[in-house]
Amino acid sequence: MTLGTALAAEFDRRQRRNPRYSLRAFAKSLGVSHSAISRLHRHERRPSDRTIAVLGARLGWTSARVAAAQHRERVDRLRALAAAPGFTADARWIASRTAMSLDDVQVALQEALRTGALTMPAADRWRVEA
């Protein structure tokens with residue numbers, strides 16, 4: 001589950017208990033702006049590892065759930081970049097564009113290949129799978 005999906009589920013849960021509960025109140029309870037929550041919820045903004053850790057802690061997530069969400073975000077970031085025009089199939093280039101460490105890029109790449117999220121028809125050409 002992505003952070004945006006988890007935020008939407010938590011907001012919906014709270015709003016079912018109180019139909020007048022607003023996105024602004026939700027954001028305030030998490031200590032962030034309502035616009036940031038809205039962008040994360042609509043997947044218009046990619047959360048950093050730190051954002052996932054902070055919001056995960058405020059939502060009461062376990063450290064294992066936070067780590068899993070961070071890992072998933074790294075794989076999703078890699079997939080999005082691989083699908084973008086001008087993509088260069090080079091781990092250092094990817095790290096510089098995604099604010100991930102080189103090790104995180106390698107781990108995300110291995111996970112994406114293992115799960116079939118990415119394929120490599122050639123060393124310099126990657127294909128994002130559905």
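Analyst: Begin with burial. A residue counts as buried under 20% relative accessible area and as exposed over 50%, with partly exposed in between. This model is predicted. Tyr21 has 16% relative accessibility, so Tyr21 is buried.

User: Is Ser22 partly exposed or buried?
Analyst: Partly exposed, because its relative accessibility is 31%. Ser22 sits in the loop that links helix 1 (3–17) and helix 2 (23–30).

User: How do I read an aromatic pair?
Analyst: Two values describe a pair of aromatic rings: the distance of the centres and the angle of the planes. The count here is 5 aromatic pairs. Tyr21 and Phe26 make an edge-to-face pair, at 6.4 Å centre to centre and 65° between the planes. Phe26 is buried, at 0% relative accessible area. Phe11, Tyr21 and Phe26 form one aromatic cluster.

User: Which kind of pair do Phe87 and Trp126 form?
Analyst: A tilted one, with 5.1 Å between centres and 50° between planes. Phe87 is in the loop between helix 5 and helix 6, and Trp126 is in strand 2 (residues 125–128), so the pair ties together parts 39 residues apart in sequence. Trp126 is buried, with a relative accessible area of 12%.

User: And how do I read a core?
Analyst: Nonpolar side chains tend to be buried together in soluble globular proteins. The largest nonpolar core here has 17 residues; Leu78, Phe87, Ile94 and Trp126 are among those with the most contacts inside it. Helix 5 (63–83), helix 6 (91–98) and helix 7 (102–115) each supply at least two of its residues. Another core, of 16 residues, lies apart from it and includes Leu7, Phe11, Phe26 and Leu40.

Note on methods:
Residues numbered from 1 in each chain as written. Predicted model: local features only at pLDDT ≥ 70, side-chain atom pairs only at ≥ 80, totals over all residues. Heavy atoms only, no water. Core = buried A, V, L, I, M, F, W, Y, C linked by side-chain atoms within 4.5 Å. Buried < 20%, exposed > 50% of the residue type's maximum accessible area, 1.4 Å probe, protein only. Helix = DSSP H or I, 4+ residues; strand = E, 2+ residues; numbered from the N terminus. Phe/Tyr/Trp six-rings, centres within 6.5 Å; stacked < 30°, edge-to-face > 60°.
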